[in-house]
Amino acid sequence: MIMPRILVTGAAGFIGSNFVRLLLRKRTETDVIALDALTYAGNLESLTDCVGNPKYRFVRADICDADAVAPIFGEGLDAVVNFAAESHVDRSIMGAQEFVRTNVVGVQILLDLAREHGVGRFLQVSTDEVYGSLGPTGTFSEQTPIAPNSPYSASKAAADLLVRAYHVTFGVPTLITRCSNNYGPYQFPEKLIPLFVTNLLMGRKVPLYGDGLNVRDWIHVEDHCEGILTVLEKAQPGAVYNLGGNKELRNIEIVRHILSHLGQDESMIEYVKDRPGHDRRYAMDITRIQADLGWAPRVPFEKGLAETIDWYVAHEEWREHIRSGEYLTYYERQYGTGGVVGTDT
Ligand code: NAD
Ligand code: TYD
């Protein structure tokens, strides 16, 4: 399926920036409009290698600002892929307002625009966290009841329900992907893997919550992005697909991998107070997407993690600009101080 124009929202974040790069590399006939509000988690320096590609355009806008976003829909879009979100569980525990604003109201605004302008496909990037927490056995399937436990996952679940409703009520051609924990380059160093790697590179200890035995299923961001593209191009409107890496690990096991790769020992671990409402275990059943669409994760975890750690080691400037806050002024330096909404064309 050829899609001449795709809008990627949340494009300056971790997964969004990797998805933009994948589209420009693999769908060379597609015009990619990369939109982002550039919150603390948005980093235009993660997209510098796309600048100059005639198929790439960046727009700074907030998905909650319908007036700012509407003109892009007015250009005629074959697809919208929505990554824009507040994404960090710990921040949602400190305050849920921005999570409801972007993750729920923002999605409603995008859905209304998609409906009004007859967008070809609307793919909402969701998460395994909407299903809640598992005991020692079992997996989440697409039939597992939604039972979120954090304000973050509750806001993502609310968005999923809105997406479903807009499909049923208005016939908006929606798709939902629910993926497990991603790792890879360009992840903001507040999440487990990049936080721990950057801490260790600065000689700091790593804060492991609780007993360190919580389990997550890990997938390389490139596998996730390939899965999203597969669903976008091949799935039937209204579909929901689970994606995962088939790689369950306890947090302590991840930490040991990182410590050993960086030649450090367990004295660098600092056990700290547990996260309130900390989900114990996530695990995904991905048989539906494998059977229907033939997608499966490919990157072996040990190789992917080693390359990821090496990436953070090599990209000292990217890390340093986040540490100093310099990344926050990249847009103004690149495009000038034209207000909140801007475009590079
Ligand atoms: P991220 O925090 O790195 O990126 C989110 C991006 O959205 C940032 O660039 C931010 O500036 C932008 N944004 C925030 N509010 C906005 C707004 N109002 N308008 C426009 N842009 C806004 O997050 P991520 O890890 O890349 O996650 C992307 C999506 O994937 C999220 O929806 C998240 O729920 C989902 N997801 C993430 C994971 C994971 O492991 N990281 C797993 C499954 C699903
Ligand atoms: P995180 O990367 O925040 O992703 P999520 O909570 O969405 O799964 O956390 C992954 C796991 O690592 C989770 O069980 C919480 C734990 N964790 C720590 O132990 N210490 C930390 O500093 C962070 C950020 C996470």
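A polar contact here is a pair of N or O atoms within 3.5 Å; within protein, one atom must be able to donate a hydrogen and the other to accept it, and residues adjacent in sequence count only if both atoms are side-chain atoms. With that in mind, look at ligand 1, where a backbone N or O atom of Ile15 lies 2.8 Å from an oxygen atom of the ligand. Please remember that this is a predicted model, in which local features need pLDDT of at least 70 and side-chain atom pairs count only at pLDDT 80 or more, while totals for chains, interfaces and linings use all residues. Residues are numbered from 1 along each chain as its sequence is written, chains are lettered from A and ligands numbered from 1 in the order in which they are written, and side-chain values use heavy atoms, with hydrogens and water left out.

Back to ligand 1. Taken alone, ligand 1 exposes 830 Å², and the protein buries 97% of that; accessible areas come from the Shrake-Rupley method with a 1.4 Å probe, and for residues only the protein chains shown count as cover. There are 29 residues around this ligand, and Ile15, Asp36, Ser87, Tyr152 and Lys156 come nearest (a residue is near a molecule or strand if one of its heavy atoms lies within 4 Å of it).

Where does the shell around ligand 1 come from? At least two residues each are supplied by α1 (14-26), α4 (97-117), β5 (122-127), α5 (151-170) and β7 (181-183), and the largest share, three residues, comes from β5. These helices (H or I, at least four residues) and strands (E, at least two) are DSSP runs, numbered from the N terminus. Sorted by class, the shell has 14 nonpolar, 11 polar and four charged residues. For this sorting, Ala, Val, Leu, Ile, Met, Phe, Trp, Tyr, Cys and Pro count as nonpolar, Asp, Glu, Lys and Arg as charged, and the others, Gly among them, as polar.

Now turn to ligand 2. Of the 18 residues around it, Glu129, Pro207, Arg216, Arg275 and His278 come nearest. A backbone N or O atom of Pro207 lies 2.7 Å from a nitrogen atom of ligand 2, and a polar side-chain atom of Arg216 lies 2.7 Å from one of the ligand's oxygen atoms. A backbone N or O atom of Leu192 lies 2.9 Å from an oxygen atom of ligand 2. On its own, ligand 2 exposes 510 Å², of which the protein buries 96%. Both α6 (192-201) and β8 (206-209) supply at least two residues each to the shell, which by class has eight nonpolar, five polar and five charged residues.

Helix α11 (residues 316-324) is our next stop. Its buried residues are Trp318, Arg319, His321 and Ile322, where buried means under 20% relative accessible area, exposed over 50%, and partly exposed in between (1.4 Å probe, protein chains only). Seen down the axis of α11, these buried residues fall within an arc of 165°, so they line one face of the helix; the arc is that of the directions from the helix axis to the C-beta atoms. They pack against α6 and α10 (301-314), with contact meaning heavy atoms within 4.5 Å. On the other side of α11, Glu316 and Glu317 are exposed. After the helix comes Gly325, whose phi is positive, near 90°.

Strand β4 (residues 79-82) holds Asn82. Is this residue buried or exposed? Asn82 counts as buried because its relative accessibility is 1%. Its side chain makes a polar contact of 2.9 Å with that of Gln124. Not counting residues up to four places away in sequence, Asn82 touches several others, including Thr9, Ile63, Phe122 and Val125.

Finally, visit some loops. Most residues other than glycine have a negative phi. Tyr186, in the loop between β7 and α6, has a positive phi of about 75° and is buried at 15% relative accessibility. Asn246, between β10 (240-243) and β11 (248-250), has a positive phi near 50° and is exposed at 52%.
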